[in-house]
Amino acid sequence: MISEICEIKKHLTFHLARHTFATTITLMNGVPIESISKMLGHTKLSTTMIYEKVTQPKVAMDMAILQQKMNENE
């Protein structure tokens with residue numbers, strides 16, 4: 001099993017893969033939630049919001065982007 005080869009202790013499931021894609025791969029790399037919703041094939045944004053997990057690093061990234069934009073406008 002892949003999880004054993006990679007020494008992952010967690011049981012890997014399709015749901016876990018979708019959640020990881022939505023949060024770690026896309027959201028944490030600045031992909032808008034609307035785009036993530038389309039990638040996951042959701043018709044309602046509210047369905048995608050289940051996968052959204054705003055973490056401290058994401059908040060820090062967003063604030064850094066905002067600060068940079070504000071500095072550019074000075």
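Let me begin with a term: a polar contact is a pair of N or O atoms within 3.5 Å, where within protein one atom must be able to donate a hydrogen and the other to accept it, and where residues adjacent in sequence count only if both atoms are side-chain atoms. What we have here is a predicted model, in which local features need pLDDT of at least 70 and side-chain atom pairs count only at pLDDT 80 or more, while totals for chains, interfaces and linings use all residues. Residues are numbered from 1 along each chain as its sequence is written, and side-chain values use heavy atoms, leaving out hydrogens and water.

Let us start with H42, whose side chain makes a polar contact of 2.7 Å with the side chain of T48 and another, of 3.1 Å, with the side chain of R18. Is H42 buried or exposed? With a relative accessibility of 13%, H42 counts as buried, where buried means under 20% relative accessible area, exposed means over 50%, and partly exposed lies in between, using a 1.4 Å probe and protein chains only.

Now to I36, which lies in helix α3, helices being DSSP runs of H or I with at least four residues, and strands runs of E with at least two, numbered from the N terminus. I36 is also buried, at a relative accessible area of 1%, and, leaving aside residues up to four places away in sequence, I36 touches A22, T26, L27, V31 and T48, contact meaning heavy atoms within 4.5 Å. The C-alpha atoms of I36 and T23 are separated by 9.2 Å, although these residues are 13 apart along the chain.
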